[in-house]
Amino acid sequence: MSPRTLLRSLTAAAAAAAALSLTACGAITSADSGSGGSDDGFFTLAPYIQQRIDDDKPMRIKLSYHDPSLAFATPIGAGMKKAGKELGAEVSLIGPTGGDAAKQVSEIQTLIQQKAVDGLAVSSASSDALKPVISQAYRAGIPIISFNTDNPDSQQMGFVGQDLKGSGKAQAEQLRKDLKGDVNGKSVVVFSVDTGAGWSHDRFNGFKEGLDGSGLKIVGPVNVGNEPNSAYNTVESTMSGQSGVAAVVGLDCCSTTAAAKWVAQSGKADTIAMGGFDLLTQTTEYIKSGVLDFSISQNPAEQGYQAVKVLHDFLTEGTEIKGVDTGAQFVTRENLADVAVED
């Protein structure tokens, strides 16, 4: 019996067992008729997906990223393609340029309606906006997880990525170690490419928690957007109105490089501590020059790889979907040579 045929037998047996027990909330079953999906707490695989499994067709797995124009999307796509090649899956990275939540929802709805996807991973432009369409995919019988950006209150079946709140807290704790001189009553200015995004909220909340008791006043987070020149201009105008700044941080790849550019050009790198996220080529240069004390890598290539693998293993082998923490690695001048650049 092939693994895919075995999966169908096992999931059918699971459905029968679930009927006898009300304690198996979230159990996974398969369907032989109808449109798939379920509203009773049980996931039911869509018939068209089951047919593709039975026919031994390659699984169509799509990663919907909140903004593929960001540099961070490049290593995610590379990891996704690596997994697709290894597993024999048809993979693609989709999403709205500019982080438009409505466009992301519309794109996913089209995939659902056209039955054009067998497994879906979503990195939300807006957690609140994406929750309904995540539920729609789940009810349609499409295995769906979140990656990069968590949606814990949705019907996602798992999350692949960094502990966002934990990473924000870790950033603040490390920043406190790098602060220069007496900082009591001084400020730390926080920047983000999208202050309205769920990932930004989570990371900033962790940052605030980690900074508690430091004596620093938090300014921001300030929204800079993802266009480099505009982001820098926003940082520059924000900093021109500040005094007594002890530290500057970016909550993501591109606000980090924009803020680091300002610190470098201001000539204040010796007096202002700075921490950021991700490891673009520009970021490595700022670390080398001492402008940026550290950055935190969240291993985007592994996020892309594991998002595909988790869904593919579920579909083809019946492997239970579990979350994958891709970790938080601190990058400084001391270990920079040992860490892969992310663009």
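Colleague: What's the strand order in the open sheet of 6 strands?

Modeller: In this predicted model, the order runs β4-β3-β5-β6-β7-β13, with parallel pairing. The edge strands are β4 (90–94) and β13 (324–325), each pairing on one side only.

Colleague: Which helix packs on the sheet and touches β3, β4 and β6?

Modeller: That's α3, residues 73–87. Its direction makes about 170 degrees with that of β4.

Colleague: And how many bridges are there between β6 and β7?

Modeller: There are 2 bridges, in the parallel sense. Ser146 stands opposite Phe159 in β7.

Colleague: Switching to charges: how many salt bridges does the structure hold?

Modeller: It holds 8. One of them joins Arg52 and Asp118 at 2.9 Å, N to O. Arg52 sits in helix α2 and Asp118 in the loop between α4 and β5, 66 residues apart.

Colleague: Are those two, Arg52 and Asp118, buried or exposed?

Modeller: Both are buried. They also belong to a salt-bridge network with Arg60.

Colleague: What about Lys309, which residue does that side chain meet in a salt bridge?

Modeller: Asp313, at 2.7 Å. Both lie in helix α11, 4 residues apart, about one turn of the helix. Lys309 is partly exposed at 28% relative accessible area, whereas Asp313 is buried at 16%.

Colleague: Last one: how do the axes of α9 and α10 cross?

Modeller: They come within 10 Å and cross at roughly 35 degrees, in a left-handed crossing. Residues meeting there include Thr256 and Ala260 from α9 and Tyr286 from α10. By class, the contact has 3 nonpolar, 4 polar and 1 charged residues.

Key
Residues are numbered from 1 along each chain as its sequence is written. This is a predicted model: local features need pLDDT of at least 70, side-chain atom pairs count only at pLDDT 80 or more; totals for chains, interfaces and linings use all residues. Side-chain values use heavy atoms; hydrogens and water are left out. Axes are lines fitted to C-alpha atoms, for helices over the stretch in contact, and angles run from 0 to 180 degrees between N-to-C directions. A crossing is left-handed if the near helix is turned anticlockwise from the far one by less than a right angle, and right-handed if clockwise. Contact means heavy atoms within 4.5 Å. Ala, Val, Leu, Ile, Met, Phe, Trp, Tyr, Cys and Pro count as nonpolar, Asp, Glu, Lys and Arg as charged, and the others, Gly among them, as polar. Two strands pair if DSSP finds at least two bridges between them. A salt bridge is a side-chain nitrogen of Lys or Arg within 4 Å of a carboxyl oxygen of Asp or Glu. Buried means under 20% relative accessible area, exposed over 50%, partly exposed in between (1.4 Å probe, protein chains only).
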